[in-house]
Amino acid sequence: GRGTSRTSALLLPLRTERRRNGSNLTSTDGRNEQAKDLNGAMTQGKQQSHLSGILRAVIFGCLAAAALLLPLLAAAFHWHSSIQALVPFVEHYHGGDELEGAIFIGHLATDLDSIVAAIAAAELHRGTAAAASPIDSETAFALEHWGVPAPRNFEEVASTEKAAGRPLRICLVDHQSGSQIHPDVRDESVVGIIDHHALQAPPSMQLPIHIDIRPWGSTATILFHSFLKQRRRPTSRGVEGLLLSAIISDTLNLKSPTTTAWDRSLVRELVGLLGLESTEGLAKLQFKAKSSAVSSKTAHELVTGDMKGFSYAEAHFTGSVGIAVVETTDPASVIQRADELVAELAVVKKARGFDALLLAVVDIAEIKCTIVAAGPPEQSLVAAAFPASFPLDGSGGWLFDAGGKVSRKLDLVPGVGTAVKAGWSPAVKYQTGQTPEPSHFSETGTGEGAIPCTGEASPPDTSGGS
């Protein structure tokens, strides 16, 4: 027992030293951990302080930019608001006051586009629509189909205005050439022109007038666009339907070369407004109505129904050329009357004082054209104006296949104008089976059938209708 006690006494100092050393180690480790925690806290604080500095810099930068941009944005918003506020004013008075209360009248030998243009313009500008001549079968169909009454004739409208003591204020629609203006319209009474043909020889004006001429497929397209510009719609479904019918008529259901992107776009809008699936059904009905009257017309009615004259003044030729058009889905019924038409063309040519008169029979279903050339001047003119054309077999040289030359405005009139400038005149000879080039024109002919142009010649009329 004493041995054990002696051993314990010997080990006691050693154990005490171990406890003291262990305590020191624990204390040192604690201080190291505290130092690490302090360093970590300081590092984290520095990082947070750095991030806070960046954030403050960003915020201050944004505030500074906003302080600079806000005045600019406010000025831009004020400018935009001012412009937006002016738009209705400008669009409302763009022709509104100038044409308000005017009489809107189309051309002689009236067609669907001229009648619809008069009706739509009269609604747009709070005026009166008038017809320059009796309406044709297609126009009669469209008016009945859409439930819109036909305008009164111009003589009646003018008489009413005069009886009320009001001066005539007239806006020409779908034309502006002197040869197509109603004879009772005086130059001084014309206050406006809305048209889609090339500017020709319009009435002589002493004062400026409102003129809206755009190179689109129809005047109806222009007027519907004018409604939309004023943030308006026609007041009735009937007028919207007539606008669609007129565009279909003048652009041959968007197949004519005169068709523009504006015509296609606004036709889509009208089709949507009217709840139609397409224009095909309406086009077939219209073209059928147009063609139905052709077979019952006299030769004189076929020649003069849609005839326009064009004047030229060149060193070698001063005179006029007439271009008549018959549009139908049954061209054979017209062409088979060639002998009758040739005789009538000669009579009308002399009566109207034309130096040449062409009749274009247009197949509006197949988009093809046959030209009736009633004499040597007409034959040489067709050969010069349309080099790709050729006489039909068995026609005696009176009928020419003109291919896709279906537009008087875009095809026929420019071709004739080019031929005249290149040297054509009624004295030019044409030999059957040959297509003379302008440089090969012969001036030795007598110009059989040529009738001198009466009156002063004016610059070429290059519009020509649809």
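At 48% relative accessibility, Ser 179 counts as partly exposed. This residue belongs to a predicted model. Ser 179 sits in the loop that joins strand S4 (170-173) to strand S5 (190-195). Setting aside neighbours within four places in sequence, Ser 179 is in contact with Leu 108 and Gly 309. Leu 108 is 71 residues away from Ser 179 in sequence, yet their C-alpha atoms are 8.6 Å apart in space.

## The chain as a whole

The chain has 466 residues, and 47% of them count as buried. Its secondary structure comprises 14 helices and twelve strands. The chain exposes about 23,300 Å². Carbon and sulfur atoms supply 58% of that area.

## Helix pairs

The table gives their axis geometry.

| Pair | Residues | Axis separation | Angle |
|---|---|---|---|
| H4 and H7 | 137-146 and 237-250 | 9 Å | about 150° |
| H7 and H9 | H9: 280-292 | within 10 Å | roughly 65° |
| H13 and H14 | 376-385 and 408-422 | within 8 Å | roughly 100° |

Start with H4 and H7, which pack at about 150°. That angle makes H4 roughly antiparallel to H7. The crossing of H4 and H7 is right-handed. On the H4 side, the contact uses Glu 138, Ala 142, Leu 143 and Trp 146. On the H7 side, it uses Arg 237, Gly 238, Gly 241, Leu 242, Ser 245 and Ser 249. By class, these residues divide into four nonpolar, four polar and two charged.

H7 also meets H9. The axes of H7 and H9 cross at roughly 65°. H7 and H9 are therefore roughly perpendicular to each other. Their crossing is right-handed. Leu 244, Ser 245, Ile 248 and Ser 249 come from H7. Leu 282, Ala 283, Gln 286, Phe 287 and Lys 290 come from H9. The contact of H7 with H9 has five nonpolar, three polar and one charged residues.

H13 contributes Leu 381, Ala 384 and Ala 385, while H14 contributes Gly 415, Val 416 and Ala 419. This contact has five nonpolar residues, one polar residue and no charged ones.

## Two buried residues

Is Ala 142 buried or exposed? Ala 142 is buried, with a relative accessible area of 0%. Ala 142 lies in helix H4. Beyond residues up to four places away in sequence, Ala 142 touches Leu 112, Leu 242 and Ser 245. Leu 112 is 30 residues from Ala 142 in sequence, with 8.0 Å between their C-alpha atoms.

Ile 364 is a loop residue, placed between strand S9 (356-363) and strand S10 (368-373). Ile 364 is buried, at 3% relative accessible area. Which residues does Ile 364 touch, not counting residues up to four places away in sequence? They are Leu 252, Phe 287, Lys 290, Glu 327, Thr 328 and Thr 329. Ile 364 and Lys 255 are 109 residues apart along the chain, and their C-alpha atoms are separated by 9.0 Å.

## Positive phi in two loops

Most residues other than glycine have a negative phi. Two loop residues have a positive value instead. Ala 109 has a phi near 50°. Ala 109 lies in the loop between strand S1 (103-105) and helix H3 (112-124). Arg 126 has a positive phi of about 55°. Arg 126 is found in the loop between H3 and strand S2 (128-131). Arg 126 is partly exposed, with a relative accessible area of 40%.

Terms used:
Residues numbered from 1 in each chain as written. Predicted model: local features only at pLDDT ≥ 70, side-chain atom pairs only at ≥ 80, totals over all residues. Heavy atoms only, no water. Helix = DSSP H or I, 4+ residues; strand = E, 2+ residues; numbered from the N terminus. Buried < 20%, exposed > 50% of the residue type's maximum accessible area, 1.4 Å probe, protein only. Areas by Shrake-Rupley, 256 points an atom, 1.4 Å probe, with all protein chains shown as cover. Axes fitted to C-alpha atoms, helices over the stretch in contact; angles between N-to-C directions. Parallel < 35°, antiparallel > 145°, perpendicular 65-115°, else oblique. Left-handed = near helix turned anticlockwise from the far one by under 90°. Contact = heavy atoms within 4.5 Å. Nonpolar A, V, L, I, M, F, W, Y, C, P; charged D, E, K, R; others polar.
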